[in-house]
Amino acid sequence: MYQRKLDLHVHTDNSPDGNHTAMFICEKAEFDGMRAIAFTDHCEVDSYKEESYDKRVQQAYFEMTKAQLAFRGKVLVLRGIELGQPHYDAALADKILNTRKYDEVIGSVHNLRGREDFYFMESFDEASVHDLLTEYFDEILKMLDWGNFDILAHLTYPLRYFYAKSGISVDMRDYKTQVDEILRQTAQKGKALEINTAGLRQPIGKLSPEADVVCRFKELGGEYVTYGSDAHYAEDIGKGMDEAYDVMRQAGFKELTFFQQRIPLKMPIE
């Protein structure tokens, strides 16, 4: 059991799929002995106005700030945001970030251009999975070219839904060239690789990414790793932390990273 408890990927009810307020989640975090928690509510850049993310982002920032003040000295509350598909409209993404002072920015790709989130897609077949995943990794590389984020989230995000909806498992070795390039650029650009544990609570039952990818990130010069539960319920904060820390250590990392004012800070894993 690890003592340095923090969770850098947590959603409140300001995310469309979130369920609890920032204050309630902080109460749970304090009760559980968490040292720090980062609120990272969704902002899907390619549907910013259509899905009212302009209003959601404003409210999320207000509530994070309120929680930060209320829990000062109890739980370190970090103000974050999860930008989905930021490179689809880079000017808008930069404007969103320049408007407020965030501690951390998570970069994610939840959907391919002109298509719905993998979460909402009904089913997949083997041929479509290969094409979709190849395109997905290409979009991750384009997001890295844009680069105005701190943490690369759930690198294998689509795999959750390939398995849950169609029972399709993916051999990541088939995408080694693309994934190595993603990991190499993530390392070179000084970004953190997230170990996301949401999959442990889903049918796929796996971390995102798994240990072999985290080890490869270290081999390619990766310096920063983070842990995130991707919790959408208060009861899920901190879930899978021990498994994520075990993988960090297995890969050779002695420290995990968190961000304040978008500056990476390291904390010993033990």
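Leu6 sits opposite Ala36 of strand S2. The model is predicted. Strand S1 pairs with S2 (residues 36–44) in the parallel sense, over three bridges. In general, strands of a sheet pair through backbone hydrogen bonds, either parallel or antiparallel.

The whole sheet is open and holds seven strands. Their order is S1-S2-S3-S4-S5-S6-S7, with parallel pairing. S1 (6–10) and S7 (224–228) are the edge strands. Each has a single partner strand, so one side of each is left without a neighbour in the sheet.

| Helix | Strands touched | Angle |
|---|---|---|
| H2 (residues 53–70) | S2 and S3 | about 165° to S3 |

Next, a helix pair. H4 (residues 126–146) packs against H6 (residues 176–188) at about 15°. Their axes are 10 Å apart. How are H4 and H6 oriented to each other, roughly parallel or roughly antiparallel? Angles under 35 degrees count as roughly parallel, and H4 and H6 are therefore roughly parallel to each other. Their crossing is left-handed.

Which residues make this contact? H4 contributes Thr134, Phe137, Asp138, Ile140, Leu141, Leu144 and Asp145. H6 contributes Gln178, Val179, Glu181, Ile182, Gln185 and Thr186. By class, the contact of H4 with H6 has six nonpolar, four polar and three charged residues.

Technical notes
Residues numbered from 1 in each chain as written. Predicted model: local features only at pLDDT ≥ 70, side-chain atom pairs only at ≥ 80, totals over all residues. Heavy atoms only, no water. Pairing = 2+ DSSP bridges. Helix = DSSP H or I, 4+ residues; strand = E, 2+ residues; numbered from the N terminus. Contact = heavy atoms within 4.5 Å. Axes fitted to C-alpha atoms, helices over the stretch in contact; angles between N-to-C directions. Parallel < 35°, antiparallel > 145°, perpendicular 65-115°, else oblique. Left-handed = near helix turned anticlockwise from the far one by under 90°. Nonpolar A, V, L, I, M, F, W, Y, C, P; charged D, E, K, R; others polar.
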